[in-house]
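Welcome! Have a look at the sequence and the model first, then read on.

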Amino acid sequence: MKPIFVFIYLLFVHTSCAQDNTPVIETPTQVNYTTELIVDGIEIPWGMAFISSNEILVTEKSGALYRVYEGQKTKITGLPKIYNRGQGGLLDVALHPEFKNNNIIYFTAASNMGDDLGGNTALYSAILANKTLENVKIIYKATPNTKKGQHFGSRIAFDHEGHVYFSVGDRGNRDQNPQNIDRDGGKIYRLNLDGSIPLDNPFIKSTNAKKAVYSYGHRNPQGMLIHPKTNKLWVNEHGPKGGDEINIIKKGMNYGWPLITYGINYSGTSITDVTKKEGMEQPFYYWVPSIGPSGMAFSTSNIYEGWKDNLFVGSLKFEYLERLVINNNKIVKREKVLDKIGRVRNVKQGPDGFLYISVEGKGILKIIPKE
Amino acid sequence: MKIFLSIYFLSLWFFTGFLFQKKTKSESIKLGLEIYQDFCVQCHLTSGEGVSGVFPPLKNSDYLFNNIDISIAGIKYGLKGQINVNDENYNGVMSSQGLDNEEIADVMNYILNQWGNNYEKFIVSEQVAKIPKTILGK
């Protein structure tokens, strides 16, 4: 081959920009669903938990917890002091798997508990006694506090073996936190439901490790659930520009941030050229460009035609709900549901099988198929 | 004694002025850059250009320069509802970031003097402290 062709080829390879990754997002030509606003007047509805099909707990990031019965909001009293700064505030809320018998709820919030200035993510449990919280316990508090405004993580999930999982983002300190299991931040955590450390946690025998750590090398995981069929833990996280990811979490594994990533700094400068490395897990899927993934949910009901077993992820950045079709362990189709609806903060499947989304500045919307 | 007292008070005045000296505008701008990168850059972007129709620009923004106090209140208390910036309408939500008055002054000084923006006056925390939520009209 003539050197000039090699030169042109190499020039092309080395200067071509990151392409949108496949499958490219589609906008449906026919829309077979509509929405109904079921909770309004909440500026940033961060977390939601269904007590029943017509009763929901909803958090407002600035520091309020509402119990909503058929659209009527009641403010719950007895919350601890919330550190509302940057992306931090009152974040996720979830019901104990045995909530019907014990009325226990879990919630995550930024807390400034401790001696140092600033705050960090905390997981709480409490008993929901009608309109007030009783027996509020802090069951995990990430340290140290920092005045940084970013990456609190905070999504909560449960498996069927008596564990609670939650995430803490890298707290704006990517060089020190995510790769160091002796430090909080950039981790998925696993605890027993009473807050104690499971004896089979991966780093239980590491002297200085944070014993609650279940996986590490994360940036800012804000979508998390147990897959309804495989029971595996699915997590989506905000990457840097062009590096948002879905990961299926394996115990004790390293998900690479910031040593490997498909993204670049917001400013356009490079973080690393490396996207793969021995001993670090590859994402199940990554988004280029970034969508700003928030909550995630699987649709398991027969309510929506053709949506069964699809994954739904909210996009904060492009203001739609994304539908992802999975086939043979691969994302084969992506589609915009409710394009331009607003910043989608969360998505959940209710006990009635309907999908519910929370949208900033709007509230909670129920997705209803058209007749 | 008179002389002693005058010298004493003169030096007291001099030293308090020296010890409790307010930061300069350029120091404030420098601190404002850190706040900007931490709390603002994700939406308003690195050159203050924003995203047309979604996140209003700060660079060369008529709204910002015509509404200094309301902009301060927006950072302090959060801002929502329709605004018009450089002949384009924006109807989003900017939530309060929990910054203290000092930090708000710093970030205002930064955005008012970057990317070709130029604001002669110097915003100090006392000015931020005085701005009530009511000026947002809600």
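Which residues does A:Lys333 touch, not counting residues up to four places away in sequence? They are A:Pro23 and A:Val325. Please keep in mind that this is a predicted model.

**A:Lys333 and its surroundings**

- A:Lys333 is part of strand β21 of chain A, which covers residues 330-337.
- A:Lys333 counts as partly exposed because it has 14 C-beta neighbours inside 10 Å, while a buried residue would need 20 or more and an exposed one 12 or fewer.
- One of its contacts, A:Pro23, is 310 residues away along the chain, yet the C-alpha atoms of A:Lys333 and A:Pro23 are separated by 5.7 Å.

**A four-stranded sheet in chain A**

- Strands β6, β7, β8 and β9 of chain A form an open sheet in the order β6-β7-β8-β9, with antiparallel pairing.
- At the edges of this sheet are β6 (90-95) and β9 (132-141) of chain A, each of which pairs on one side only.
- On average, and with direction ignored, neighbouring strands of the sheet are turned by 25 degrees against each other.
- β6(A) and β7(A) (residues 104-111) run antiparallel and are joined by four bridges.

**Helix α2 of chain B**

- Helix α2 of chain B spans residues 25-44, which makes 20 residues.
- The end C-alpha atoms of α2(B) are only 22 Å apart, whereas a straight helix would reach 28 Å at 1.5 Å a residue.
- α2(B) has a kink of about 55 degrees, centred on B:Gln37.
- Several residues of α2(B) are buried, among them B:Ile29, B:Gly32, B:Tyr36, B:Phe39 and B:His44.
- Helix α5 (101-111) of chain B is included in what covers the buried residues of α2(B).
- Just after α2(B) comes B:Leu45, with a positive phi of about 65 degrees.

**Where chains A and B meet**

- In the contact between the chains, 10 residues of chain B meet 15 residues of chain A.
- α2(B) gives the most to chain B's side of this contact, with four residues.
- By type, the residues on the side of chain B that touches chain A are three nonpolar, five polar and two charged.

How values were computed
Residues numbered from 1 in each chain as written. Chains lettered and ligands numbered in written order. Predicted model: local features only at pLDDT ≥ 70, side-chain atom pairs only at ≥ 80, totals over all residues. Helix = DSSP H or I, 4+ residues; strand = E, 2+ residues; numbered from the N terminus. Expected span 1.5 Å × (residues − 1). Bend = angle between axes of the 7 residues up to and from the residue. Contact = placed C-beta atoms within 7 Å. Nonpolar A, V, L, I, M, F, W, Y, C, P; charged D, E, K, R; others polar. Pairing = 2+ DSSP bridges. Axes fitted to C-alpha atoms, helices over the stretch in contact; angles between N-to-C directions.
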